[in-house]
Amino acid sequence: MSPILFNLYSEYPTKKTLEGFGGFKIGGQIIHIVKYADDPVLLAKAYKVIEDMTDKLIEIGRCYGMEMNVEKTKVMRISRQPFPAKIMIDQKQLENVESLNIWVAF
């Protein structure tokens, strides 16, 4: 599947997943997700919300024949609390990272 078709195909399940979830308000806009290439970055203020968003994304994705690549999925917690986030997908804990390798080209 070409990257353009994949992005179009993945857009609806992602939007459906985020319905009803709060997000970050930036410049008057509520932001739920940031896309980096073809990878979505889910944003939430609470640990439980990220868990719920992830579970719903997996559930809806499976309805469309899509599976989450658990090996490539990471979690980054930005908090004053030092303990890692424990988010599980298919009985596997996601890897906690302290930074994401994201670059922007102009």
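**A chat about a loop, a threonine and a core**

Q: Where is Asp90 found?
A: Asp90 lies in the loop between strand 6 (88-89) and strand 7 (92-93). Strands (E, at least two residues) and helices (H or I, at least four) are DSSP runs, numbered from the N terminus.

Q: What kind of model is this?
A: The model is predicted: local features need pLDDT of at least 70, side-chain atom pairs count only at pLDDT 80 or more, and totals for chains, interfaces and linings use all residues. Residues are numbered from 1 along each chain as its sequence is written, and side-chain values use heavy atoms, with hydrogens and water left out.

Q: Back to Asp90: what is its phi?
A: The phi of Asp90 is positive, about 50°, although the residue is not a glycine.

Q: Is Asp90 buried, partly exposed or exposed?
A: Asp90 is partly exposed, with a relative accessible area of 42%. Buried means under 20% relative accessible area, exposed means over 50%, and partly exposed is in between (1.4 Å probe, protein chains only).

Q: And what about Gln91?
A: Gln91 also has a positive phi, near 60°, and is a residue other than glycine. Gln91 sits in the loop between strand 6 and strand 7 and is exposed, at 75% relative accessible area.

Q: Changing topic, where is Thr73?
A: Thr73 is in the loop between helix 2 and strand 5 (74-75). Thr73 is buried, with a relative accessible area of 18%.

Q: Which backbone oxygen does its side chain reach?
A: The side chain of Thr73 reaches the backbone oxygen of Asn69 at 2.7 Å.

Q: How many residues has the largest nonpolar core?
A: That core has twelve residues, among them Leu18, Phe21, Ile89 and Leu94. A nonpolar core is a set of buried Ala, Val, Leu, Ile, Met, Phe, Trp, Tyr and Cys residues joined through side-chain atoms within 4.5 Å.

Q: Which element gives the largest share of this core?
A: Helix 2 (residues 47-63) does, with three residues.

Q: How many helices and strands are there in the whole chain?
A: The protein chain has two helices and eight strands. Along the sequence, the pattern is α-β-β-β-β-α-β-β-β-β.

Q: How much of the chain counts as buried?
A: Of its 106 residues, 23% count as buried.

Methods: A polar contact is a pair of N or O atoms within 3.5 Å; within protein, one must be able to donate a hydrogen and the other to accept it, and residues adjacent in sequence count only if both atoms are side-chain atoms.
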